[in-house]
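Subject: Structure for you to look at

Hello,

Here is the structure I promised to pass on. Please open it first, then read my notes below with the model in view.

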Amino acid sequence: MAPSSANPPGRLRRDAQRNRDLLLAAARDMFSRHGLDVPFDQIAKEAGVGNATLYRHFPTREALIGEVFADAGAGLATAGREALAAEDAWTGLEKYVGRIFELVAADRGINDLVTQAIPTIPGMIEISRQHATTVGALIARAQEQGTMRRDVVTMDLLFLLGPLCRALPAAGELRPDLWRRYLALLLDGFRAQATHPLPVPPIGEEHLDRMFADLWEAQVPEKPEA
């Protein structure tokens, strides 16, 4: 039997794609303004579709977040390559961390993504590893050039970035460029000049991973809205 002209297969596919695009646009906007814990029913309402349609396209919050921020890893990788290509290592480090500060200050969704490092989001572990590798390479280059204190390790900077990035959206509400002040204060503590010995050894990568995992596990699992 020939398909009904009222609902041709091509039309159904176009409608499904349209709903998917509406959901992604609504989620991207609401994540940016409110963070990753926006209720699913609010996203569906913003997109103009029903909850069932949202769950049909994105059965879990992690699936939706992963799709919305699918290009986050590529953007971070590009920023890292540009930073590592800088002739002056300190300038490269400053630009890389500055780019992260700028993003997390203006976008609460990206802030949650960076500071929570949610392991169940597709690609998140790879993004975190890539970020740590870039930071380590930037630190090593700056130490070789004599601008970074010698007793700093990758985990030192990663440990400080998390809580500081978390506070930046609130600072941005006071003044959009306030993140620049705290970037300067943070990096000044890593300069080679006028340093004092650090009193205790740094943490290891496994400790930082455990901290992020504990933060995520502390979140209350979302129950599907009726």
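Start with Thr-115. This residue is buried, because its relative accessible area is 5% and the cut-off for buried is under 20%. Keep in mind that the model is predicted. Thr-115 sits in helix H7, which covers residues 108–116.

What does the side chain of Thr-115 reach at 2.7 Å? The backbone oxygen of Asn-111. The side chain of Thr-115 also makes a polar contact with the side chain of Arg-166, at 3.2 Å.

Now turn to helix H9, residues 154–174. Pro-163 has its place there. Is Pro-163 buried or exposed? Pro-163 counts as exposed, because its relative accessibility is 54% and exposed means over 50%. Look across from Pro-163 to Gln-116. These two residues are 47 apart along the chain, and 9.9 Å separates their C-alpha atoms.

Next, the helix pairs. Two packed helices are described by the angle between their axes and the distance between the axes. Take H7 and H9. Their axes come within 8 Å and cross at roughly 165°. That angle makes H7 roughly antiparallel to H9, because angles over 145 degrees count that way. The crossing of H7 and H9 is left-handed.

A second pair is H6 (residues 89–106) and H10 (residues 179–188). The axes of H6 and H10 come within 10 Å and cross at roughly 140°. So H6 is oblique to H10. The crossing of H6 and H10 is right-handed.

Now the aromatic rings. How many aromatic pairs does the structure hold? It holds 2. Phe-31 and Phe-69 form a stacked pair, with 6.3 Å from centre to centre and 20° between the planes. This pair links distant parts of the chain, since its residues are 38 apart. Phe-31 belongs to helix H1 (residues 9–34), while Phe-69 is in the loop between helix H4 (61–68) and helix H5 (72–85). Both Phe-31 and Phe-69 are buried.

Phe-40 and Tyr-55 also pair. Their ring centres are 5.1 Å apart and their planes are at 50°, so this pair is tilted. Phe-40 counts as buried, because its relative accessibility is 1%.

Stay with H2, residues 40–47. Phe-40, Ile-43, Ala-44 and Ala-47 are buried in this helix. Why are these residues on the same side of H2? Because they cover an arc of only 100° around the axis. Just after H2 comes Gly-48, with a positive phi of about 80°.

Last, step back to the whole protein. Its secondary structure comes to 11 helices and 0 strands. Of the 226 residues in the protein, 39% are buried.

Begin at Thr-115 in H7, then find Pro-163 in H9. After that, look at the two rings of Phe-31 and Phe-69, which are stacked.

Best wishes

Methods: Residues numbered from 1 in each chain as written. Predicted model: local features only at pLDDT ≥ 70, side-chain atom pairs only at ≥ 80, totals over all residues. Heavy atoms only, no water. Buried < 20%, exposed > 50% of the residue type's maximum accessible area, 1.4 Å probe, protein only. Helix = DSSP H or I, 4+ residues; strand = E, 2+ residues; numbered from the N terminus. Arc of directions from axis to C-beta. Polar contact = N/O pair within 3.5 Å; in protein donor to acceptor, adjacent residues only side chain to side chain. Phe/Tyr/Trp six-rings, centres within 6.5 Å; stacked < 30°, edge-to-face > 60°. Axes fitted to C-alpha atoms, helices over the stretch in contact; angles between N-to-C directions. Parallel < 35°, antiparallel > 145°, perpendicular 65-115°, else oblique. Left-handed = near helix turned anticlockwise from the far one by under 90°.
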